[in-house]
Amino acid sequence: MFQHIKLGALVAGAIALSAPVAKAESFINILTGGTSGVYYPLGVALSEVYGENMKDVRVQVQSTKASVENLNLLQQGRGELAFALGDSVKDAWEGNADAGFKAKLGKLRAIAAIYPNYIQLAALKDAGATTITDLKGKSLSVGAAKSGTELNARKIFDAAGMSYDDLGKVEYLPFSESVELMKNRQLDATFQSSGLGNAALKDLSTTQDVTFVEIPADIAEKLGAPYKAGVIPAGTYPGQDADVPTVAITNILVTREGVSDEEAYQMTKQLFEHLDTLKAAHSAANGISLEAAVQGLPIPLHPGAEKYYKEQGVLK
């Protein structure tokens, strides 16, 4: 009896040893933003690209409060890839406490500079605001508190010689909630930093008479890099029949130390080999190019991404 049990155990052990060992899946958590912004649909498109083209990878998309939260989560090892505004990335790398970073986030590494965000200041037409200084005394939502958008708002108002004290009322709300208050006539304007064709602003300008408020080029010059002068082209939103001068800021796809060189290489490679998928998800992806991907980065490239750019001749 004992021999039979012993023999059975040996056979079972031999079967176990000869069974193929499944390769452990690696996990990519993509940190985005609110579902009505641009980061989220692009994050979903990237998750599909990675899921279909990277071996032994499980991908998840997380909706967040965007840049500042994303960068802090990366530093904590709670994400592998994040969308973030260039100025937030710079503040994180420098440990700017006023911007929401208690210490330097030294683990951050860049995958690519992607499309620019445009500051889009939309006011109800009857608020009578055509340029940023006209917002004095008006009620305005500046984005979620200490989000990348809200950091943009503070810096841009400062460069325009204004502060929140000059406004009639300040709300700290995400894009879609800001728009709902405007529809209900509880808010004069919304300050949104995103790619062009933002879903919340499309919704607003489809249902309300809206003015897109000008931010003059000299404000971008005063702020300096990573800010630059930009334009919201006529026809970007329903009823917007003229170009609107504004300020633009580059977005960056960020990863962290601890993500393997091979994984970072593949994340970079698959991004550029499947740009069409991203462009189909949101028109903002039309602003992504291989040539611009390594320009003006305030943090070091991940070695895996660097390898890809060297292969493509973008870096020497």
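## Phenylalanine 272 and the nonpolar cores

Leaving aside neighbours within four places in sequence, phenylalanine 272 is in contact with Ala112, Ile288, Ser289, Leu290, Ala293, Tyr308 and Tyr309. The model described here is predicted. Phe272 belongs to the largest nonpolar core, which has 82 residues. Together with Tyr50 and Phe157, Phe272 touches the most other members of that core. The element that gives the most to this core is strand 4 (residues 108-124), with 10 residues.

There is also a second, separate core, made of 19 residues. Among its members are Leu173, Leu187, Val210 and Phe212.

## Serine 178

Serine 178 is found in helix 6, which covers residues 175-183. Is this residue buried or exposed? Serine 178 has a relative accessibility of 1%, so it counts as buried, the limit being under 20%.

A polar atom of the serine 178 side chain lies 2.8 Å from the backbone oxygen of proline 174. Not counting residues up to four places away in sequence, serine 178 touches Ser141, Leu173, Leu187, Thr190 and Gln192.

The whole structure contains 13 salt bridges. One of them joins arginine 58 to glutamate 25, with the closest N and O atoms 3.4 Å apart. Which parts of the chain does this pair tie together? Arginine 58 is in strand 2 (residues 57-62), while glutamate 25 is in the loop between helix 1 (2-18) and strand 1 (26-31), so the bridge ties together parts that are 33 residues apart in sequence. Arginine 58 has a relative accessible area of 48% and is therefore partly exposed.

## Other salt bridges

Lysine 310 and glutamate 306 also meet through their side chains in a salt bridge, at 3.4 Å from N to O. Both residues are in helix 11 (residues 303-311), and because they are four residues apart there, about one helical turn separates them. Lysine 310 is partly exposed, with a relative accessible area of 42%, and glutamate 306 counts as partly exposed at 28% relative accessibility.

A further salt bridge is formed by the side chains of lysine 169 and glutamate 171, at 3.3 Å from N to O. Lysine 169 counts as partly exposed at 38% relative accessibility. Glutamate 171 is partly exposed as well, with a relative accessible area of 21%. Elsewhere, a network of salt bridges links Asp87, Asp91 and Lys155.

Key. Residues numbered from 1 in each chain as written. Predicted model: local features only at pLDDT ≥ 70, side-chain atom pairs only at ≥ 80, totals over all residues. Heavy atoms only, no water. Helix = DSSP H or I, 4+ residues; strand = E, 2+ residues; numbered from the N terminus. Buried < 20%, exposed > 50% of the residue type's maximum accessible area, 1.4 Å probe, protein only. Polar contact = N/O pair within 3.5 Å; in protein donor to acceptor, adjacent residues only side chain to side chain. Contact = heavy atoms within 4.5 Å. Core = buried A, V, L, I, M, F, W, Y, C linked by side-chain atoms within 4.5 Å. Salt bridge = Lys/Arg side-chain N within 4 Å of Asp/Glu carboxyl O.
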